Amino acid sequence: MSDLSVRVEDVSMMFNLSRKKEERFKEYFINLIKGELFFDEFWALQHISFELRQGESMGFVGLNGSGKSTLLKLISGIMKPTKGKITTKGSIAPLIELGGGFDRDLTAIENIYLTGAMHGHNKQFLRSRVEEILDFAELQEFANVPLRNYSSGMISRLGFAIATLVEADILIADEVLSVGDARFRKKCEDRMQSLMKEGTTILFVSHSVEQVRKVCQKALWLEKGQMKMIGSAVDVTNAYSRSLREK
Amino acid sequence: MKKAVADFIKYFDFLKQIVLRDIKKKYYKSVLGVLWTILNPLFMTIIITLVFSHLFKRSIDHYPIYYLCGTLLFSFNSGSTRQALHSMIVNNGFLRKIYVPKYMFCLSTISVNFVDLFFSLLVLLGAMLVTGVPFTWKLIYIPVPICLTVLFTIGLSLVLSTYGVFFRDLNHLYGIFVTAWTYLTPLFYPVTAIPEQFRVLYNLNPMHIYVTIMRSLVLDAEWPSVYMLLLGTLYSVVMLAIGIFVFRKNQDKFFLYI
């Protein structure tokens, strides 16, 4: 089992949804005194289990609010699951909320150093990669322009370029291929497939069934936080499309 | 523990980057830029000296030095803690995107303020030259009160940044608290202005202890009482321990609130 890359064991995630947000401060003290909870429990995920080997790719399909993004955030370590256990091996490049860590007042180059360090890379390594990143994002001529003046497509391109050009063992992509024009989308898909050939494990969320089939071997269908179906990408996406048509 | 150290080393470059970013942003588009870190304490000292030195002429020698010794530590503490309080909220872009040790954002605000502290020290040395306060060997112990203040500030910042996530009101509340704290610490008035019976209470104020140690090294060229040093160390260590405990206990819940 040495080539195991991601293992998710019976993972459940619960959120406390406070009913009256604006009264949180007051409520908190009432709770404290009474020792009662005024929260609605909401299980975003229940009993999720699967395993991925190094180099495999899995797509996640499901309606909005089915828990896809939550699952990816758990795997990338941003959140901790309420129950269950997640083990990952190697470095993770999460493409969640592309450009989320960017600072709009800084230039593209400064942001490459900033977010690159956020991914845990040191400065020398980044210096050797700056040109490559700018090339891929097609932003050479805007390298010294503050991101404030960028379009949203340009920002997403930069985000994608930074997250994928550095070698990672696991790539987590949430709706990233919906950014940019058709040409750049094609470039992203190619990039992901070449990463896969190099042995990167890919976890991929998309609303486009075609994209999942193109990028992934396996797929997981989530419905209301539960596993509805798991199997080969073609089988799962076919069943999912059929259920969409029936509704 | 081992993992925590490895994490710290791995993300140390990230800390450097966000400190650089914060410094850059602080002086963004200003003509004088970083020079303000020197001009700020300089002008503040001149103003306060002009206003108060006459009033406290009899009880304070070398008023500008007296004021600077206190204010450089106090501004470091109040600046760091006030910014640390919303450091998690301001940096939610990072926290929602990827795993990074969250305390790094606290440390970055403290580091930025530490840069200011460093330049204020240069102003202090300059002011000593101008006003003719003798340079003694005791000056090499200045890092002692500074270290104590830094440890205390880290602890307090961790606590504030934790509860700042859960209660947004804390931001405003703490602003008022800091104002009160500024006046309750003898920064621009002499300790002797406090009635005798209340002076024991002033020892409950950690900042007062650190400022006293600093002044005694710079102005009197001697160590303060052992009691003061022990008390100061106790405050720093306890505050740091509380900070680490509170932060570690709550950090996994942050993402629900930011």
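Predicted model: local features only at pLDDT ≥ 70, side-chain atom pairs only at ≥ 80, totals over all residues.
Start with Pro143(B), which counts as exposed, with 9 C-beta neighbours inside 10 Å. The burial scale works on C-beta atoms placed from the backbone: 20 or more others within 10 Å is buried, 12 or fewer is exposed, and in between is partly exposed. Pro143(B) is found in helix α8 of chain B, residues 143-166.

A word on the model. Residues are numbered from 1 along each chain as its sequence is written, while chains are lettered from A and ligands numbered from 1 in the order in which they are written.

Staying with chain B, take helix α11, residues 206-219. Helices here are DSSP runs of H or I with at least four residues, strands are runs of E with at least two, and both are numbered from the N terminus. Twelve of the 14 residues of α11(B) are buried, so the rest of the structure largely encloses this helix. Among them are Met207(B), His208(B), Tyr210(B) and Arg215(B). What do the buried residues of α11(B) pack against? They pack against α4, α8, α10 (199-202) and α12 (226-250) of chain B. The length agrees as well: at 1.5 Å a residue the 14 residues should span 20 Å, and the end C-alpha atoms are 20 Å apart. That expected span is 1.5 Å times one less than the number of residues. After α11(B) comes Ala221(B), with a positive phi near 50 degrees.

Next, a helix pair. Helix α4 (residues 63-85) and helix α9 (residues 170-184), both of chain B, pack at about 170 degrees, with axes 10 Å apart. That makes α4(B) roughly antiparallel to α9(B). The axes are lines fitted to C-alpha atoms, for helices over the stretch in contact, and angles run from 0 to 180 degrees between N-to-C directions. Under 35 degrees is roughly parallel, over 145 roughly antiparallel, 65 to 115 roughly perpendicular, and the rest oblique. From α4(B) come Phe74(B), Ser78(B), Arg82(B) and Leu85(B); they meet Leu170(B), Asn171(B), Tyr174(B), Val178(B) and Thr182(B) of α9(B). Contact means C-beta atoms, placed from the backbone, within 7 Å. By class, the residues of this contact are five nonpolar, three polar and one charged. Nonpolar is Ala, Val, Leu, Ile, Met, Phe, Trp, Tyr, Cys and Pro; charged is Asp, Glu, Lys and Arg; the others, Gly among them, are polar.

Over to chain A. Chain A has eight helices and nine strands. Of its 247 residues, 40% count as buried. Among its contacts between residues at least 6 apart in sequence, 72% join residues at least 24 apart.

The sheet. Six strands form an open sheet in the order β5-β6-β7-β3-β8-β9 (chain A), with mixed pairing. Which strands stand at the edges? β5 (92-95) and β9 (226-232) of chain A do, each with a single partner strand, so one side of each has no neighbour in the sheet. Neighbouring strands are turned by 15 degrees against each other on average, direction ignored. Pairing takes at least two DSSP bridges between two strands.

Now the strand β7(A), residues 201-205. Five of its five residues are buried. Thr201(A), Leu203(A) and Val205(A) lie on one side, Ile202(A) and Phe204(A) on the other. β7(A) pairs with β6(A), residues 170-174, in the parallel sense over five bridges. There, Asp174(A) stands opposite Val205(A). β7(A) also pairs with β3(A) in the parallel sense, over four bridges, and Gly59(A) stands opposite Phe204(A). β3(A), residues 57-61, runs parallel to β8(A), residues 218-223, with four bridges joining them. Phe60(A) has Leu220(A) as its bridge partner in β8(A).

Last, the interface. 24 residues of chain A are in contact with 20 residues of chain B. On the chain A side, α3(A) gives the most, with four residues. That side has eleven nonpolar, eight polar and five charged residues. Is α3(A), residues 108-118, enclosed or exposed? Ten of its eleven residues are buried, so α3(A) is largely enclosed by the rest of the structure. Its cover includes α4 (123-137) and α5 (152-165) of chain A, together with α2 (12-26) and α6 (92-95) of chain B. Gly120(A) follows α3(A), with a positive phi near 90 degrees.

Notes. Contact = placed C-beta atoms within 7 Å.
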